[in-house]
Amino acid sequence: MQSWEINFDGLVGPTHNYSGLSAGNLASMKHGKQHSNPREAALQGLKKMALLHSLGLRQAVLPPQERPSIPHLKRLGFSGSDAEILKKAHQLAPLLLNQCSSASCMWVANSGTTAPSTDSVDGKVHFTTANLVCKAHRSIEADSTAAAFRSIFKGPLFTHHSALPANDDWGDEGAANHTRLAPTHGAPGLHLFVYGRTVANPKAKAPKRFPARQTLEASQAVARLHGLTDSQTVFAQQNPQAIDAGVFHNDVISVGNENVFFFHSECFLNEKAVLSEIQTKWKALGDKPLTLIRVSNKDVPLKDAVKSYLFNTQLVSVPAGGMALIAPQECETTPSVRRYLKKLIQSGGPIRKVHYPELRQSMQNGGGPACLRFRVVLNETELAQTAPGVFIGDKKLAVLEMWVAKHYRDRLAATDLADPKLLVESRTALDELTQILGLGSLYPFQRS
Ligand code: SUG
C-alpha cells in the first residue's frame, strides 16, 4: 500500500505578536515588544504551503487556537465579561495577558509526536500531544492541540495519547526533538529522540545559561506509548553548549528525511556513540545506505547555524526526484551558510535544490520552516480517514488567502492584546475557518 509523508502546517493566528516570552530562543528575546504583522505572517505561511504543494508534496493545515484565551484567563482567576477580563488582566498582570495571547501554536513541530502504523506496536498511527511545560505561554496549547488531533484523525486507525503529566521532569516539546529515519516514508523506520537533560542522573551534563526543554524521561515515555522497541529507537543527549548558544530545540541543529540525516557537528553531546548506534540500528532496516551529512563548525560556525536556521529547513523528497531543502531566506544572507549550501548542491549528493520562502514574521520569534510543520506518515486507508477539509490545493489556498486578508490586522503591538475588538475579530475569523476546513465546533467559544 502506498504511503506519504504529509506536512501539516500551523496556520498563523490573528494575534501573532512579539512578546519576548521564550528565554533561550534568541530571536524571541531579541524581537520582544516590536510590532508584528499578523496578516503578513499568515500569508508567508500560506506561501510556504503553496510552494510545497507546487513541488507535488501533500500539504495540509492545522488550525490556530483561540487567543487571547479567555478560558485560561478565567482559570487564572479573572472574571466578568470578556472585555472586563481583558482589561483587568492588562492592568493587573500584563505578562499573563501576553502569555494567554501568543499565537505560538503556529509552531506545530511542537504540537506532538507521531509514529506511523508501520512502526507502532499495534499497527495504528499514534499521536502524543506535547505538554510544552517549559514555557507558560506554550503550556496552554496542549488541550486544544489534542482536540484538533482528535477531530482531524478520527476513528479506529488512530490512537491518541494525552500529553504527559505537566511537570518539568516530563518536559516534552514534541516532534521538534524527534526525527524518524527510514529507507522510504512507508517502510519501517528508526526513531531518534533527542533530549536536553535527564532527571534520573543529576550529575549528567546540562546547559548552564538556558533551559533544556526536553527530558530523557519524557522522550522514553513517548516511545513507550507508541510501542517502539529498543531496536527502533535511539535516545541521544543534545550538546548542552549548543542549547546555551540558542539551540532550544533539536530541530534548530539537525533535520532528517528518509535515509538522509543532515546535522551540525555540535549537535550531540556524545556524537561518536550516537552516530554509531544510529548506523547499527539502521542496518536492521535493509540494504539502503544511510547518508549522514555532517556540517563542521569550520564550514558553518554554530552561531551562523542558529542565526540562519540552516537546520530548521524542511528536507523533503520531491516526487520529480531527489531531495530539496526549504530554507529561510536568512540562509541566503548569511555568507558562511550561502557558501556551504552552494557547495552542498554542487556535490552531487541527495540534496539537489534549495528553495527560500520568506518567513521573516515567524523567524523573528524563532520559528523557521521546520517549526511550522508537523510531519505525519499515512497510508492510503489512513489518509482516507483523515478530515478531508484540512488538505491544501490551489482552491483552498486562494480561499485561505482571502480569509486572512479579510480578518487579520497588519500591525499589532503587545499593548493591543487587551483590545476587546481583537478578541471578537479573532473569534469571527476562527469561526469562519472551522467552516472552511470542515471541522465543526472546535473552539470553546463555539460551544458555549
Ligand atoms: O517555543 N517562540 C517559539 C518558537 C518555536 C520554534 N519551534 C521549533 N523549533 N520547533 C518557542 O520558543 C516566541 C513567542 C514570543 O516571544 O512572543 C515563541 O514562543
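1. Start with Glu425 and Arg409: in this predicted model, their side chains meet in a salt bridge, with 2.9 Å from N to O. Glu425 sits in helix α17 (residues 420–437), while Arg409 belongs to the loop between α16 (394–407) and α17, so the pair ties together parts that are 16 residues apart in sequence. As for solvent, Glu425 is partly exposed, its relative accessible area being 27%.

2. How many salt bridges does the structure hold? The count is 15. As background, side chains of opposite charge can pair when their charged atoms come close.

3. Asp230 and Lys281 form another salt bridge, and here the closest N and O atoms are 3.6 Å apart. Asp230 is in the loop between α8 and β8 (233–237), whereas Lys281 is part of helix α10 (residues 271–283), so this contact ties together parts that are 51 residues apart in sequence.

4. Are the two partners in that pair buried or exposed? One of each, as it turns out: Asp230 has 61% relative accessibility and counts as exposed, but Lys281, at 15%, counts as buried. Lys281 falls on the buried side because the cut-off for that label is under 20% relative accessible area.

5. Next, have a look at Arg360 and Glu330, whose side chains also meet in a salt bridge, at 3.8 Å from N to O. This one runs from helix to helix: Arg360 lies in α14 (residues 360–363) and Glu330 in α12 (residues 330–333), so parts that are 30 residues apart in sequence are tied together. Arg360 is partly exposed at 40% relative accessibility, while Glu330 counts as buried at 16%.

6. Which residues are linked in a network of salt bridges? Glu66, Asp82 and Arg427 are. When you have the model open, pick out these three together.

7. Last, a lysine to find on the surface. Lys203 is in the loop between β7 (190–195) and α8 (216–225). Why does Lys203 count as exposed? Its relative accessible area is 80%, and exposed means over 50%, so Lys203 gets that label.

Technical notes
Residues are numbered from 1 along each chain as its sequence is written. This is a predicted model: local features need pLDDT of at least 70, side-chain atom pairs count only at pLDDT 80 or more; totals for chains, interfaces and linings use all residues. Side-chain values use heavy atoms; hydrogens and water are left out. Helices (H or I, at least four residues) and strands (E, at least two) are DSSP runs, numbered from the N terminus. Buried means under 20% relative accessible area, exposed over 50%, partly exposed in between (1.4 Å probe, protein chains only). A salt bridge is a side-chain nitrogen of Lys or Arg within 4 Å of a carboxyl oxygen of Asp or Glu.
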